[in-house]
Every structure is written in C-alpha cells, then in structure tokens.
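Me: I'm new to this one. Can you walk me through it?
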There are 2 protein chains.
Amino acid sequence: MPENREVTIYDIAKHLNISAATVSRGLKNNPMINKNTRKKIADAAKQLGYQSNTFASSLRSKHTHTLGVLVPRLNSYFMSSVLAGMENAANRHGYNLIIAQSLEDAEKEKLNAETMFNKRVDGLLISLSYNTQHINHLEPFFKRKIPVVFFDRVYPHNESTSIVINNYGAAYNITQHLIEQGCRRIMHLGGNVLRNVYKDRLDGYRQALNDNRLPVIQQLYLTSNLSEQAGIEAARYILDMAPDDRPDAVFSANDTAAVYCMLTLKAAGIRIPEDIAFAGFNNDPISKVIEPNLTTVDYSGDTVGNTAVTNLINHLKGDSNLYITNSITLRSDLVIRASSLKKQIARN
Amino acid sequence: MPENREVTIYDIAKHLNISAATVSRGLKNNPMINKNTRKKIADAAKQLGYQSNTFASSLRSKHTHTLGVLVPRLNSYFMSSVLAGMENAANRHGYNLIIAQSLEDAEKEKLNAETMFNKRVDGLLISLSYNTQHINHLEPFFKRKIPVVFFDRVYPHNESTSIVINNYGAAYNITQHLIEQGCRRIMHLGGNVLRNVYKDRLDGYRQALNDNRLPVIQQLYLTSNLSEQAGIEAARYILDMAPDDRPDAVFSANDTAAVYCMLTLKAAGIRIPEDIAFAGFNNDPISKVIEPNLTTVDYSGDTVGNTAVTNLINHLKGDSNLYITNSITLRSDLVIRASSLKKQIARN
DNA sequence: TGAAATACTGCAATCGGTTGCTTAAAGATC
DNA sequence: GATCTTTAAGCAACCGATTGCAGTATTTCA
C-alpha cells in the first residue's frame, strides 16, 4: 500500500490500460466515452480509493466552484442566517464557500478581498464593513469579470447586483405605525449613514415625520454601533433628559440596541409601551423574548443568502446575467408586537 | 493591456530578464535571493498587477492553507461565535476557512467531508451531526494524516484532538445548585445521548441526584432536539401533569428550550422560580433577556473556535503535535441568575 | 463495395507556481 | 595564484487534471 502518494487518474489509467484523458472524461460522465468504459473507470476509482484533486482541476479549467463570502461579523443572528441560506444554496449547486469577516474594519476587508481573489473564487458575496469608504479593493474582480454580489450593506456599482430590502419603506412604515399609536416625539437610534441600511432607515423615519407634519428633532437622533452597550447608553441619555423632553417612542435600527435600551429603562421604572413605545429592526430571537415583545421588521437572512447565491450561480452558469440586474429588493414585514401598542391591548 | 490572460511569474521574469524560479523565490522572500533582486521583483509585481494563483501553488507544494469546518448548523448563536473565533485565529495565521453545514444529517456530513477532502484542506474541524453514528467518512483524512479536530460534539479517536468543556461537571454543578435551592423534583430536557454533550449533561444531572439521595424519575426526563418548539412542548407536558407530579425545577440542556418552556409556563400562570426554577446551558443572548434572567452555563464559543484552530495550526506548523493531545477541556462557568433563585432575592 | 459519417479513445500541450540540483560568479584562505 | 566556500540565480522536472486535435475502429448509406 503506497501510504504517501495520492491516487491519481494515471493510476486508474494504468490499472485499466487506457489513457488518463479517457479516465478524466469518464469520471465526468462525458458521453463521448463508452458507457462500459465509464463503468469500468468508476469501479476502478472506487477500488483504488481515488479522490479527485480539486485544484489540479481548477488550475487547468479556470474555475474553482468556490464562492467567497465577506461579511462584517460572523456572530450575529442575522448574519448567521444569511450564511446558512448561502451555504444551502451553494451546496445544492455543488459550490463551496470560503468565509471571512472584516470585523467592521475596511483595511481587513481589503486584505480578505485580496485573499479571495488569490484563491480565484468564482464569485464574491460581500456585505461592507462599517467604515468602508470606497470599493477600490474590488477592482481586480471587476477587471477580471468575476461577478460580485453585494447584500444588505451594499454599494452602488453598475456591474454588480445588490440584494436588499426596502429599508426606507420599512422604516417609514414603522414610524408611521408609531405615529398612529399616538407617538409624537419619536427617537431614532441609527447607525453609520455611510451604510445604505442606516441611511435609508433614517430617511424613511424622517420622511414619515415630515408627512405627518411632525418636527425632526435633533436631540432625538442618536447614532452608534447599535450594540448592547449602545442601547444601554441610549437609555441613560433618555433618563438624563427632563421628563417633558423625553421621547414617547424609540425606533431603533436594530433589535439589540432596542432591547437593551428597554431593559435599562424598565429597570428605571419606565413603562413600555405606556411611557415609551418601542420598535426595532431585524426580528432577532431576543425580540420575541423581551417583555413586552418587540415590534420589529422581519426580513429573512436565509432568503437574502439564498437569493444572493442563487443569482450568482445562475450567472456563472450562464442561465442569467447579473450585469443586467442592478438590484433585487426582497420582501420585509412589519411585525407589530406589544412594545408599540399604546392603543390596543398588547398581545404576544 | 491583455484583458484576458493572468499576470504570472513568467511575465515578471520576462520583464526583469530573470528566471521564473527566481521570481517565485523572491516573492516568498527567500533569503537565497539577493535583497535588491527581491525588491525589484516586488516592484515589478505591483506594477504589473500580479496576483498569485493559490492553487497553482497548492498543486505543487501540497498544502492549501485552507481549513475545512463542518458544523451541524450555522445559524445558532453558539456556532456563530465558534466560527467567529475560528476565522479570527485562522486569519491571523494566514489560513482560510471553507465552511459547510450538515444540517444535522449524517449523510450530508459525509458528502461535505468528501468535498473538503477533495479540496485538500490542510486540516478539518468538525462538530458532529445529531445522528452521526460512526466516523468512517473521515477515514480518508486519517489515512493521509490530515489532522482532524473535533469540537463540542466530539468522537473518541486516538489520532485526533477534541475540544470540549466538562459537560458532566457543569451539569452536575447546576443540578447541585438547584438542589441547594430546595428543588427535589428536577426535570431534565436533554438531547440525543449519541452526542457526548447531551450524554454527559444527563450523566452529571443524574449523578448529582444520586449523590443527594434523590430519585431519578423517568417522567422527569424528556429528550428532544431542544428547539423552540421542543421547549413549548415540554411546557405543555408539564402543564398536563397533575400539579403534585410537576417538577419544581427544570434543567434544560440548552437555553432555547429553557426559554420557550419558561415563556409558555409563564403564560399559563406558573411563577418562576417560585413554582418552578429554571436552568439552561450556553449563555445564549436570550438568557439575559428573558424574565427572570436564566441561570445557565457560560462557555465561550469564541474560545472553542480559537483553541481548535490554534491547536490545529500549531500542529501543521510542527510547533506541537496533535496526536499527543487527546483532548482539551475548556473552562465553563455556572452563571446564576434569578430563574433559579428560590431562596435568595432575585437579581438581574 | 467503397466512401463518408459516427463513436471512441489517445497524444501531448497546458494551467502557474515550486523545488532539487546544477552552474556561475564572487569572496575567503593559505 | 590555486583551491575551497559562499552567495546568487537558472534549468527543468513536477504537481494532477483538462482539452483541442488527431487517429482508429465501427457503422451507415448510396
């Protein structure tokens, strides 16, 4: 037993007294090859314990059946759902995922992009870091026509597709909902407006206020990284205000900040939604556990991931053309729960 | 500008009138090559827009700087923390991660393992699916001496390392804690005992009961997949019992089932911890949001991932030898919160 | 029956780096 | 000044699969 050397198509070829070319074709079920021969090749492969060498193949054939995924952080509920959706779709089509995180750092994003390129991924799926300013680091991909799909945190670019939801509309609706519940001083906890998701949510919030002839109050707009800590600090900020200046509702651009803000306010004796109504974004599991349950926007990470990968692969297979599709907007739903129901009776 | 062809080391070589071998060595900063020449090569590479081709290199050099990660599911808080930790450690050492999920299905696990092997990962990190019975599908790795590291859901094997926590001890302690709070009829929500984590937690629970001369009651042991739904069903099961037969505490093998069980019981008017105390496992974010806050076992997914990858890479670099290390047990902490405090005053 | 079409299979170049071995030049030693 | 080191660089085989083109056997059809 040769412990060391790999079993290659040459071993199979020698074993069957045929050429390596035939073995290669046979293993791919190329109809050029006689059915019997194919069978013999498959049997011999199994018998000899042959395992194809992917990158020998990639070297020659110029595609790797690997997609690069570059996200800000791996460990959020939303992102892990996206990845799960991506992995599923990719796996179904025989593709693999190389995954890296930028940790919200533009520099690291750049380095990771380079690695992905060097690994010659067939396509790139990317959600931008918190402070990415430009996408020069993706130039090598564009130059070599390697398709790039942006998702969630996207960047306008006319040779790649973006997978998004209507952040503007969802924020508008949720703000409108709060207004309908009688709220007049609605605070917004937002993120970096460099990122479309936060910019659009802010715009939707403002437009809804405008359309209802409500003033946009500077003091009621806080921007942060929307972490647990940021939620707690927002609560302190509110508690430090004169009672009359306090908001009567908070719309947070994510659920985490909303929930930790609620917890802190509740501990200080503020009643929710009676004193302050709450709404978040993402439909994170914690939104269903907090009491009262948090009104939020549901949008499926799984679907985002699935759509992004499916479109990318269809493009790679030539079934469709990504360059034509500029952006795909997925469905999102306003999920109304007790945290925002000032008027009606709260339900779970 | 040649749009199509890649820029290769040959282009650099021609450009500088030196050999490709020198370029190859120069790019790797091989001290055999004169410093000036190295500089010239680096400059030319940048100027020509050279990007190394990883798999051409892998083909010859026999290592890919890629690690395979095979998990049951991507979208759980714990697993995404593990992945984040892994990615971090891997990135730091110049390694990449190919990630796939088995979706708790042994068959898919097998297929994914094969793909990973074909991609010639330098090492494999795996947490077993819910119903994996054996690890024959990892034989190709063992045969070719590709190191395998199990984490969390492990399998005894004397040529690979396992990264675990002391599930038995943690479960023992948490049960002991509940007993000290005066609980006598402690229910356990467990998972498939095929998996060490659930088996060990069950054993720890039982041993604690034994050591306190408490009976192990058949009706108070439920096994499930520990999903939200399973938590709800466990609650219904409890509510269906005659009040005197009901448990006075529930120890769940994960937080998700514990939390949804609590929510359902609370809705039915059961007081926690007065009527039934609760303890979970994992320190999932929801455990800090549920009221009362859930007593649980904290163990850092990030550390698990980090440790697994670091050990694997050290082995690959020859700095240490995995075959000697049979298992690494990481620290875990009992986090006591209000859900189990029958005696003392609950605190957040 | 002979020519053309069809069905298989093989030859050999190729993908882009890597590396053992050799060679050439410069420097050191006595 | 001859021999030995040391340093730097090149030659060419190699990794394992793929594929355009060519070659041979078999079938088809007039």
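Me: How far is a polar side-chain atom of T22(B) from a phosphate oxygen of DNA strand D?
Reply: 2.3 Å. A polar contact is a pair of N or O atoms within 3.5 Å. This is a predicted model: local features need pLDDT of at least 70, side-chain atom pairs need 80 or more, and totals for chains, interfaces and linings use all residues. Side-chain values use heavy atoms, without hydrogens or water, residues are numbered from 1 along each chain as written, and chains are lettered from A and ligands numbered from 1 in written order.

Me: And what about T37(B)?
Reply: A polar atom of its side chain sits 2.9 Å from a phosphate oxygen of DNA strand D. For Y50(A), a side-chain N or O atom is 2.7 Å from one.

Me: How many residues surround DNA strand D?
Reply: 29, with I9(A) and R25(A) among the closest. Near means a heavy atom within 4 Å.

Me: New topic. At what angle do α8 and α9 of chain A cross?
Reply: Roughly 40°, with the axes coming within 7 Å. Axes are lines fitted to C-alpha atoms, for helices over the stretch in contact, and angles run from 0 to 180 degrees between N-to-C directions. That makes α8(A) oblique to α9(A). Oblique is what remains after under 35 degrees (roughly parallel), over 145 (roughly antiparallel) and 65 to 115 (roughly perpendicular).

How values were computed. Helix = DSSP H or I, 4+ residues; strand = E, 2+ residues; numbered from the N terminus. Polar contact = N/O pair within 3.5 Å; in protein donor to acceptor, adjacent residues only side chain to side chain.
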